[in-house]
Amino acid sequence: LGLVLLVGVLTAGAWWWLGSNESLAFALARAARYLPAGQTLESSEVTGSLRVGGRIGWLRWQSESLAVEVHYAKIGWQLAPLLKRKVQLGEVHAAQLLIERRGPVEDKPLEPLEQIVLPVEVELPFRIDELRWAGPPALQAAQLAGSYRYAGAEHQLEVSGVDIADGHYSARVKLQGPA
């Protein structure tokens, strides 16, 4: 009886902690510790929980060849679908996304994408108010909205709209996961 009670208390405590307003910041800080050598993850102004999502004031991931910086992100998600091997996010919204190539630019030709197989299904609606790629060549886009989905070994990206230069564009892309 004592063991069952202990397991119940630990489970309830874990569920409460996953819903606490500090669990998202804690998880990001822990994730930063487990990145491979040469990669870093920094964040600030993080609030929210691992059960329902939250807000991130600033997030920066960088490697030797790439840096990605996010300003004012809001992430909503549900924990329950993860038990069915699904990552189901509410809309991921970022006010600004900056991407910068780092290090020397190599002149070797691009290689085909490697096989990308995920262990879970993914649903990710997204919206980015301003996107900047530092280049070369530099690119600036606004009001990027769409969704990404991975199911049945197929990647699907739908861009419902994006403003680049003087045009408004949309796109649909499907790629196989395994070859």
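This is a predicted model: local features need pLDDT of at least 70, side-chain atom pairs count only at pLDDT 80 or more; totals for chains, interfaces and linings use all residues.
The chain has two helices and eight strands, and, read from the N terminus, its elements follow the order α-α-β-β-β-β-β-β-β-β.

**The chain as a whole**

- The C-alpha trace of the chain spans about 65 × 35 × 30 Å along its principal axes.
- Of the 179 residues in the chain, 25% count as buried, and the accessible surface amounts to about 12,300 Å², with 61% of that surface belonging to carbon and sulfur atoms.
- When contacts between residues at least 6 apart in sequence are considered, 47% of them join residues at least 24 apart.

**Strand β2 and its neighbours**

- Strand β2 is mostly covered, since seven of its ten residues are buried.
- On one side of the pairing pattern, strand β1, which comprises residues 40-49, pairs with β2 in the antiparallel sense over nine bridges, and a hairpin of three residues joins β1 to β2.
- Within that pairing, Gly48 has Gly54 in β2 as its bridge partner.
- A hairpin also joins β2 to β3, again through three residues, and in this second pairing Gly53 stands opposite Gly76 in β3.

**The largest pocket**

- The largest pocket holds about 900 Å³ of space, and its lining consists of 26 residues, of which Leu89, Val92, Leu124, Phe126 and Ile128 lie nearest its centre.
- The elements that contribute two or more residues to this lining are β2 (53-62), β3 (66-78), β4 and β5.
- By class, the lining of the largest pocket is made up of 22 nonpolar, three polar and one charged residues.

**Val92, a residue of that lining**

- Val92 is located in strand β4, which covers residues 86-101, and it is among the residues nearest the centre of the largest pocket.
- Val92 and Ala73 are 19 residues apart in sequence, while their C-alpha atoms are 7.1 Å apart in space.

**The second largest pocket**

- The second largest pocket has a volume of about 660 Å³, and of the 19 residues in its lining, Ser65, Arg101, Lys108, Leu110 and Glu111 are the closest to its centre.
- The lining of the second largest pocket has nine nonpolar, three polar and seven charged residues.

**The enclosed cavity**

- How many cavities of 30 Å³ or more are counted? The count comes to one cavity, and about 60 Å³ of space lies in the largest cavity.
- The lining of the largest cavity is formed by Lys86, Val87, Gln88, Glu121, Val122, Glu123, Arg149, Tyr150 and Ala151, and the elements that supply two or more residues to it are β4, β5 (121-133) and β6 (139-151).
- By class, this cavity lining has four nonpolar, one polar and four charged residues.

**Residues with positive phi**

- Gln143, which lies in strand β6, has a phi near 55°, a positive value in a residue other than glycine.
- With a relative accessibility of 42%, Gln143 counts as partly exposed.
- Ala165 likewise has a positive phi, of about 55°, although it is not a glycine, and its place is in the loop between β7 (154-164) and β8 (167-176).
- Ala165 is exposed, because its relative accessible area is 75% and the exposed class begins over 50%.

Conventions. Residues are numbered from 1 along each chain as its sequence is written. Side-chain values use heavy atoms; hydrogens and water are left out. Helices (H or I, at least four residues) and strands (E, at least two) are DSSP runs, numbered from the N terminus. On a 1 Å grid over the protein atoms alone, a cavity is a set of points where a 1.4 Å probe fits but cannot get out, and a pocket is an open set with protein on both sides within 12 Å along at least five of seven lines; lining residues have an atom within 4 Å of a point. Grid points are joined across faces, edges and corners, and a volume is the space filled by probe spheres set on the points. Ala, Val, Leu, Ile, Met, Phe, Trp, Tyr, Cys and Pro count as nonpolar, Asp, Glu, Lys and Arg as charged, and the others, Gly among them, as polar. Buried means under 20% relative accessible area, exposed over 50%, partly exposed in between (1.4 Å probe, protein chains only). Contact means heavy atoms within 4.5 Å. Accessible areas come from the Shrake-Rupley method with a 1.4 Å probe; for residues, only the protein chains shown count as cover. Two strands pair if DSSP finds at least two bridges between them.
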